[in-house]
Structure formats: structure tokens, C-alpha cells
Amino acid sequence: MRDVLLSLGIDRWVLPAMLVWPIVASVLVRLGGRDVSRDEAGTEAPSGGPDARTLTLIALGIEALLAVALWGVFDPDARGWQARVDIAWLADLGATISLGVDGLSLPLVMLTAFIVPLALLGSWNNVRVRTPAFGGLLMLLTAGLVGVFITLDLLAFYLAWELMLIPTYLLVGVWGAAGTSRASLRYVLFTLVGSLLMLVAIIALWNAGGGTSLHLDTLLQVTLSPSTQFWMFIAFFVAFAVKSALVPFHTWLPDAQSAAPTVAAITLGLKVGAYAILRFAIPLFPAAAMHPTVRMTILVLSAVAVVYGALVAMAQRDFKRVISYSSISHLGLIMLGCFALTQQSVQGAVMSIISSGLATAALFLAAGMLEDRRGTTAFSAFGGLARVVPWFSVTLVIAMLSTVALPGTIGFIGEFLVLIGTYAEYPVLAVVATSGVIFAAVYGLRTLQQLLFEQVDTESNGTLPDLSGRERFVMVALVAAMVYLGVAPHAILQRADRASQTLIESVRFGPNAPTTLPPVSLSR
């Protein structure tokens, strides 16, 4: 199959198509889509043209097909960038539109390409006003997310990063719950401050490299002093840590996700910042990132985040806030994997990013379905749903069990690899992080008990409708992916193997490599 795809030249145009198509589609949806509104009687009042939601879903489906083609042309045994395309851009600055993927970014491109349309389909009635604008912004957000994963030029990466942030701010602020302006403003202030720090560091790095190129491969060869590396690393790290909501930069996330429409809440939960740390912050400034003091500080913060997020999740009385704080806990585990920098921990970090993306999507969709039916996600409004809505209950249980890392799910694979890889370098921190897994079981089972297994205490709960065919398809697809990748993770681990080796070699033996790290075997 790969030879057939290569003979069609798909590897030469699939990445530009994945970047450009969502931008084009955003214009088509905004200008050609019909705004579906509801009158006082609850009937749809069409205003002409195809439903903007349907156009958006079709456009996202095309993006998913392009992602499948990209997966098909990828060679798991090859090193370096694949499907690479370099397009001249700002020659005077040395900036290019350079696109490529490796085994770390490819799974996350696939995750994005499928999560966004599934999120839209699963929350179909969640947004029913100004749907053309909503669909257009969702397509721009998709372009930004994909761009972050496939751009190799730092200026293009920065533009993709901003393209991801701005639509999210509008989606939360305009289509969120009543009174969301504060949550959306906090989100944009946190992330824009981090983005500006990163931009300053990119300019300084470009200048240190002679002002001739902004390509990642070229900048990796620029020799920097330890102090210069430190300040540039801090700027990059803060930008990515804020976006990922690492403790203590996490305070914006629960409010933003609780207020956001379901699709935006799901995309906010994608660990884009953790990927950017692996791709840019650590390899560009390895002496700073791996300095004993800096490294230990981040690892301790990560271990604290694992335990803190789980403990705070245990104290919540609202389903959405439980999901948000569990996401903060999982982010701490991912950061442990990134900075332990063993092959197992890096692969575990990638698997955990995927696991968190799938679980967050399923759980927020479940929360959105409850909110659509009852207008709230507070635990006090529910009870005994297992006897009323069996399809909802079964899929929720599987998603939650993956979140708490039950063996046989992808959540277990990611956490096990991170912990075993971290234990090789920092056994005490690995043990502390393991306690977070225990706390996760507490908040996960408590959530299931309060939603599903107590008495049906109100008449409205007794008549709650189960999942529709559309919702059932989405939830089953998500939980099937969690189970399949938990039983057969080889497809992702095989592709991440070469890329994780290359990352470790770059950090330990590159021009800016630290001198204090012990040798590590890269053999499998």
C-alpha cells in the first residue's frame, strides 16, 4: 500500500494539503454555511444554504482522510523527517514553509485529525447559534493544531501556535456558557504572555545563528553559551507550560474548560505544549533543560502536579472540573516522561498524550451530553443512571477506567512506560507519581459511583434519554480506540522508536549537549 501511495506522489503534497485545506474550508463554511437557529417552538428555522455544521464535518472528514494517507506513506523504520516539503517564503530572514513529520508528531497529527470531527459529531446540538462562524473558527483551530505538529521552521511554528490560540479564545468567549468572559480573558492573557516570551527567544536564537535560517535542523547546530541557553529555554518552557497547564501555570484551565462549548473544551485538553517541549525546548537548549537544578525543579513540579491534580479532582462536585483536574494530573506524568529523557519515558509521554486526548474527548462528550439533557454537570443533580442509560454508562465506565490506567487500556501503557522510564533515573519521583495513580482510581470510581450507581433520586433522571445513534457511534469509536491501543500499542510505539532515539542522541551528543548526564544505551 505504501508503494502505491508513494507512486501517486502523496508524500510530496499531503502535508501542505493538511495545512491549507482547513484554512480554505473555514472560508467556505463561513460564507456558504447556513446558520441553524431554533424558534420558540423548538423547530429549526433554515435561512438558506447547507447546514454549516454539516459543511464543517465534511471538511474535517477530508482532513482525516489526508491524515490516513500520511500514515500510509510513513516508513516506521526510517529516521528523520518524512513527507518533507520545503517552500520558499521570507528569503531575507531565512524563513521557509518547511513541513515534515517523524514518529513523535505523526500519532498526534492522527489524533487531532480524528478527535476534532468526532467531538463535533458527538456535540452536534451543543452549539446552535452563529454556526457558520463557529465552524469557520473550528477549521482555523484545526489548521493551527496540525501546523504545530508539522512545521519545522520556528517562525511558521509561531504563526501556527497563534492560529491555534486565537480561535480557541473566541470559541470560549462567544459560545461558552453565560458569564465566560473572565475565563476566556484569563486564558488569552496567560497564553499570549507565554507566546510573546517565545517570540523574543526565537528572534534571539535566529540572531545567534547568524540571521540566516529559522529552520529547526539549522538552529540545532547553533552553539550557545550555558547562560544564553538558560534564558531561551525558560522563555520556551514557560510558553509551553502555560498552554499545557502545568502546575503552577494551571489556574486558567478548569474555568476555561467548564465554560467552553464541548468541542473547545476537548481541544483545550490536547497536550500540545508537552509535544512542543519535546520537539523544540529540550533539543534546542539541552544544557539548560538537562541542567541538574533546572531538570530537578521541573521533575519535582511534575510529580507535584500528578498528586495535586488527582487530590483536587477528588474534592470536586462537578463532572467537568473533575475532568480538568485529572487532565492536570496526567500532564504532570507526561512532563515526567519528557524530562526523565529515557527511551521508555519519551515513548510513554507520547502514548500518554494520545491517551489523555482520547479520554478527555470521551469524558467531556459525556459531560456535554448530560449538560444538554439536564442543563448541569453537578454530581448533586444525578444518580442511578446505570439503570436508565446503559449505553452512556458502559462507555463512560470504559473511558474512566482508561483515565485511571486500567491494564488493557492505552492509559495503562502510557503511564507504565513513563514510570518505568522515570524510575531508571529518578526512583523516588517515580514512586511519588505512582501514588497519583492510586488517587486517580479514587476520583474515577467516586465519579462513577455518584453518576451511575446511587439511587435515581429525581423524576427527570428516571426519564433521561440514552445515547442517540450519533452519540453512540462517537463514544463507541473513542472507547474502542482506548482498548485497541491498550492491547496492541505496537503501531504507535514502532513509529516513535526511531524518533525517540534521535531525540535522546541530539540532547546527549549534540553541539549544546550537557556534560553532566550519564551515558545511556540506545539499543533496544
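T168 is buried, with a relative accessible area of 4%; here buried means under 20% relative accessible area, exposed means over 50%, and partly exposed covers what is in between, using a 1.4 Å probe and protein chains only. You will find T168 in helix α6, residues 154–175. Helices (H or I, at least four residues) and strands (E, at least two) are DSSP runs, numbered from the N terminus. Leaving aside neighbours within four places in sequence, T168 is in contact with L141, Y187 and L268, where contact means heavy atoms within 4.5 Å. V389, by comparison, lies 221 residues from T168 in sequence and 32 Å from T168 in space, C-alpha to C-alpha.

The model is predicted, so local features need pLDDT of at least 70 and side-chain atom pairs count only at pLDDT 80 or more, while totals for chains, interfaces and linings use all residues. Residues are numbered from 1 along each chain as its sequence is written, and side-chain values use heavy atoms, with hydrogens and water left out.

Now let us turn to a pair of helices. Two packed helices are described by the angle between their axes and the distance between the axes. The axes of helix α15 (residues 319–340) and helix α16 (residues 343–374) come within 9 Å and cross at roughly 175°. That angle makes α15 roughly antiparallel to α16. The axes are lines fitted to C-alpha atoms, for helices over the stretch in contact, and the angles run from 0 to 180 degrees between N-to-C directions. Angles under 35 degrees count as roughly parallel, over 145 as roughly antiparallel, 65 to 115 as roughly perpendicular, and the rest as oblique. Residues of α15 that meet α16 include F319, I323, H330 and I334. On the α16 side, V346, I353, F364 and L370 are among the residues that take part.

Next come the charged pairs. A search of the whole structure finds 10 salt bridges, each being a side-chain nitrogen of Lys or Arg within 4 Å of a carboxyl oxygen of Asp or Glu. In one of these, the side chains of R79 and E505 meet at 2.9 Å, N to O. This pair links distant parts of the chain, with R79 in the loop between α3 (52–73) and β1, and E505 in helix α22 (residues 490–509), 426 residues apart. R79 counts as partly exposed at 40% relative accessibility, and E505 is partly exposed as well, with a relative accessible area of 27%.

Another salt bridge joins R279 and D102, whose side chains meet at 2.5 Å, N to O. R279 lies in helix α12 (residues 272–284) and D102 in the loop between β2 (95–101) and α4 (106–122), so the pair ties together parts that are 177 residues apart in sequence. R279 counts as buried at 7% relative accessibility, and D102 is buried too, with a relative accessible area of 8%.

In the salt bridge of E425 and R508, the side chains meet at 3.7 Å, N to O. Because E425 sits in the loop between α18 (410–423) and α19 (427–452) and R508 in helix α22, this pair ties together parts that are 83 residues apart in sequence. E425 counts as partly exposed at 24% relative accessibility, whereas R508 is buried, with a relative accessible area of 8%. Salt bridges that share partners also join R84, D86 and D217 into one network.

Together with L90, L93 and L159, W89 forms a nonpolar patch on the surface, with about 310 Å² of accessible area in total. Patches are made of residues with over 30% relative accessible area and no salt bridge, with like charges joined within 9 Å and nonpolar side chains (Val, Leu, Ile, Met, Phe, Trp, Tyr) within 5 Å. The accessible areas come from the Shrake-Rupley method with a 1.4 Å probe, and for residues only the protein chains shown count as cover.

The other stop in strand β1 is A83, which has a positive phi of about 55° although it is not a glycine. A83 counts as buried at 12% relative accessibility. A405 also has a positive phi, near 65°, in a residue other than glycine. Look for A405 in the loop between α17 (390–403) and α18; A405 is buried, with a relative accessible area of 10%.

Finally, follow the backbone to the peptide bond from V247 to P248, which is cis, with omega near 10°. P248 lies in the loop between α9 (226–244) and α10 (252–259).
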